[in-house]
Amino acid sequence: EVQLVEAGGGMVQPGGSLRLSCVASGFQINDDFMSWVRQAPDKEPEWVATIPPGGSTTYYSDSVKGRFTIFRDVTKNMLYLQMHSLEPEDAARYYCARGSRSVVLTTPSSWGQGTQVTVSS
């Protein structure tokens with residue numbers, strides 16, 4: 001059974017940092033595209049970042065580029081999202097997702113249960 005379980009969310013002040021993690025089971029994360037998606041209340045899901053299978057290239061939305069880093073630890077079968085310089089606009093529920101940008105935005109079943117990030121002073 002494929003399962004994605006996120007952790008690491010919380011409340012931080014603007015300018016702060018958080019590292020989200022996602023443990024995958026039922027498949028190897030290095031064999032597939034892996035992404036992070038976020039969704040704020042009453043808003044559409046927003047793609048955040050993607051890392052391709054087996055490669056070092058990563059892709060980011062313009063809104064997070066330069067502040068967020070997606071990476072994985074294949075020995076632990078885990079995906080991470082390191083977030084710096086957090087802004088109130090980054091507040092959302094963050095989901096680890098299996099697939100490329102186009103897949104994860106149209107397939108909510110590819111997401112985990114999510115972890116909440118709140119950015120507030």
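This is a predicted model: local features need pLDDT of at least 70, side-chain atom pairs count only at pLDDT 80 or more; totals for chains, interfaces and linings use all residues.

Colleague: How many disulfides does the structure hold?

Modeller: One.

Colleague: Which parts does the pair tie together?

Modeller: Strand 3 (residues 18-25) holds Cys-22, and strand 9 (residues 92-98) holds Cys-96, so the link ties together parts 74 residues apart in sequence.

Colleague: Is the link of Cys-22 and Cys-96 left-handed or right-handed?

Modeller: Left-handed, with -70° about the S-S bond.

Colleague: And is Cys-22 buried or exposed?

Modeller: Buried, at a relative accessible area of 1%. Cys-96 is buried too, at 0% relative accessibility.

Colleague: New topic. How many aromatic pairs are there?

Modeller: Two. In one of them, Phe-71 and Tyr-80 have ring centres 4.9 Å apart.

Colleague: Why does the pair of Phe-71 and Tyr-80 count as stacked?

Modeller: Their planes are at 15°, so the pair is stacked; the cut-off for stacking is under 30 degrees. Tyr-80 is buried, at 12%, while Phe-71 is partly exposed, at 28%.

Colleague: What about Tyr-95 and Trp-111?

Modeller: That aromatic pair is tilted, with 40° between the planes and 4.8 Å centre to centre. Tyr-95 sits in strand 9, and Trp-111 in the loop between helix 1 (101-106) and strand 10 (115-119). The two are 16 residues apart, and the pair links distant parts of the chain. Both Tyr-95 and Trp-111 are buried.

Colleague: Last one. Which residue lies over the face of Phe-27?

Modeller: Arg-98, at 4.0 Å from the ring centre.

Conventions:
Residues are numbered from 1 along each chain as its sequence is written. Side-chain values use heavy atoms; hydrogens and water are left out. A disulfide is a pair of cysteine sulfur atoms within 2.5 Å. Helices (H or I, at least four residues) and strands (E, at least two) are DSSP runs, numbered from the N terminus. Buried means under 20% relative accessible area, exposed over 50%, partly exposed in between (1.4 Å probe, protein chains only). Rings of Phe, Tyr and Trp (its six-membered ring) pair if their centres lie within 6.5 Å; planes under 30 degrees apart count as stacked, over 60 as edge-to-face and the rest as tilted. A charge sits over a ring if NZ of Lys or CZ of Arg is within 6 Å of the ring centre and within 35 degrees of the ring normal.
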